Amino acid sequence: MAILNGRVEKIALCASLVLGLAVASSNEAEAQALAGREIAIGAIVPSSGHFAEWGRTNTVTLKMLEKQINDAGGVNGAKLRITIMDDAARPAQSTNALRKLAGDDKVLAVAGPLTSSACEVVFPVANQIGIVSTSQASSKPGVAKANRPWAFRNTVDEQILAQTTVPYFKQTFGIKTVAIIYDAKDATAATVGTKIMPAILTANGIEVLNASDLLSFNTGDLDVSAQVTKLRSYNPDGVVVSADYSQAVTVIREMKRQGLVKPIVGATQLISSAILKAAPEMPIIAPATFYAGMETEAAKTFVSTLTPLLRKESNLPAEIEPSMYDANIYEIVSMYVDAAKNAGITAKPEDLEADRVKIRDYMAQLKNFKGLGGPVSFNADGDAVKLFYIVEGKNGVWTDKLHKCSDPNPAACGL
Amino acid sequence: MISTYHAALLADSGILMLGALSVYIILATGQLSLGNAGFMGIGAYLASYLTVEAGLPLTLALVLSALAAGMVGIVIGFPALRLRGIYLAMATLGFGEMVRSFFLNFEPMGGAGGFSGMVHVSVGYIWLWAGGILVLVTLLERSRLWLEIRATHDDETAASLVGLNTTATKIGAFGFGAAVAAVAGGLFAHHHVYIEPANFGFDRSIELVLAVILGGSTVAPGALVGAVLLVLLPETLRFLADWRLAAFGTLLVLVLLVRRQGILDRGLFRALTFRRQAS
């Protein structure tokens, strides 16, 4: 019996060894399936022009991600190469960049472009070529929807965000009347300022005092005193500032100078650390899917690794912090890398078209991708389904006041 | 077979060249227009409306929008007669901004949200127009009419004293320039298949003038040289990364220091085309 027992044990041992080896080697095989190849990803960011700061921080973020992935053994053994192109936030240059990335650099997918104006011209070209293009910042309603199936945006439509932001703003500050000022030259800011905000404010029973005469200025204007004087004459309970933060800062400073200290509400474009310094005593309410100082583990690690790298760059402000768009582009390329690992991509030149289709389908069916602020997936319009936060900026910090899923079904965000 | 990237650059050059030609035609009479992006915008919006909403074929839409913009150009030409130099530049700049603001508030064509739905055109079609208009202007330069234009440019008073109708020349140039700009705009709209008012702002007007000044403001093909350079330089300087635009600016200043009249002038053009100076 003892002998028999010994035999059984031996057989069991052998069997488990063989099995273990087999499992190990299949893992090994998968981990090295793409060894010697290269996973080429493209990115279109505005490193010069109006949005240079965002383009430059995006560049640092992507270089960090490329290094992290390659140091950890690459993508199933393949080297990750991210080719970054500057479009100067000029739509014509963005489409040229996409064509170059797709045609000459043979990338599998593209992260970017940043602005909605650029997306409007790049997405149709992406569809024509058949390559995934995912914007890190565009939030003008319906831009990806009009360019399915290749266009995606890792952002939430401003319309959805405003539907939660406005009621919160009304409740918190007891707002009954507002006046609106917006940047007429910026497509997203103008859409939010002239269409989305007036409609949602009215629906929430807030009176827009200058509904027939919305105040505007142009990107780059340094003097908005006339507009702010007019704003003050309405004596509103709160002010809607629809502009990119760099422009909004000018408005907020002028408001402070003229003694118009009122709560401010706006869109995701306001989120930045710079805007908090313009008038720390004025509360700013805005939606965000990410902000530096966010509490999740992934976000903390991201911010603590990226911040020192950003501050080392000589062409960025000394106190810069990672922005929502850095988080978004980090997630986008991470999704592409996941697709390359799991969707059976070969990275062979002859399979380029098939690989691009695989990435597209992977993105469309993505479920519970581990984003920095929670799970991320895409809806039928190509826009991200993710958690968003209503944050209040006051005394130099953003604080999370409320969070909600961008999808009607909260389970989609893991809530 | 060229890559789609190079084809797109070629298309951009063609459109920019047409825009530059529109500035050149007006400049030939001694009037500097900083508002040609406005004419381009009119052409872009009108042509897009005609193809998308009215269902007209593109060529017909371009011709119609060129005619319409030409009329606007003539209307603008009248007040422009009373202005010279920097004052005219300022007035036309105002016109350009006026057009941009108009489309920004013009909801039927999308307002700030922009307008789309156009069908993409091939680079060949763009160059059919660009080449055709370039040849037309070059031929025009050999005509008696152009001599009148040059006389108006060189000395308006003397030209009118010898019996030339400088008023008609100047207004006609505005109309023709506006029509060419409108074609550029229409092609722009059907190349990018999306337009928004910001596409036709002050920067665009400056880009058009820059192409003429850089390429050569005394011969029509100067617009071609300027346009190709303005499209290709920022692309070929990509390896300089953050310094790209600074290097681009430096090159522009250098070119203008060395050749104030632009890269291509009458002398060089003659040498290149093996034509002897008429004695």
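## Sheet, packing helices and disulfide in a predicted model

A:Cys119 has a relative accessible area of 0%, so this residue counts as buried. The structure described here is a predicted model.

### The sheet

Chain A contains an open sheet of five strands, arranged in the order β2-β1-β3-β4-β5 and paired in parallel. Its edge strands are β2, residues 79-86, and β5, residues 151-153, of chain A, each of which pairs on one side only. From one strand to the next, the twist averages 25°. Strands of a sheet pair through backbone hydrogen bonds, in either a parallel or an antiparallel manner.

A:Thr134 has A:Phe152 in β5(A) as its bridge partner.

### Helices on the sheet

Helix α3 of chain A, formed by residues 91-103, lies across β1 (38-45), β2 and β3 (109-111) of chain A. The direction of helix α3 is at about 175° to β1(A). Helix α11 of chain A, residues 324-342, also packs on the sheet, where it touches β1, β2, β3 and β4 of chain A. Between the directions of helix α11 and β3(A) the angle is about 165°.

### A residue of helix α10

A:Thr307 belongs to helix α10 of chain A, which spans residues 297-312. Its relative accessibility is 12%; because the cut-off for buried is under 20%, A:Thr307 counts as buried. Leaving aside residues up to four places away in sequence, A:Thr307 touches A:Ile320 and A:Pro322.

### The disulfide

Over all chains, the structure holds one disulfide. A disulfide is a covalent bond between the sulfur atoms of two cysteines. Here the bond is formed by A:Cys405 and A:Cys413, with 1.9 Å between their sulfur atoms. The link of A:Cys405 and A:Cys413 is right-handed, with 70° about the S-S bond. A:Cys405 is buried at 7% relative accessibility, and A:Cys413 is buried with a relative accessible area of 3%.

| Residue | Relative accessible area |
|---|---|
| A:Cys119 | 0%, buried |
| A:Thr307 | 12%, buried |
| A:Cys405 | 7%, buried |
| A:Cys413 | 3%, buried |

Methods. Residues numbered from 1 in each chain as written. Chains lettered and ligands numbered in written order. Predicted model: local features only at pLDDT ≥ 70, side-chain atom pairs only at ≥ 80, totals over all residues. Heavy atoms only, no water. Helix = DSSP H or I, 4+ residues; strand = E, 2+ residues; numbered from the N terminus. Buried < 20%, exposed > 50% of the residue type's maximum accessible area, 1.4 Å probe, protein only. Contact = heavy atoms within 4.5 Å. Pairing = 2+ DSSP bridges. Axes fitted to C-alpha atoms, helices over the stretch in contact; angles between N-to-C directions. Disulfide = S-S within 2.5 Å.
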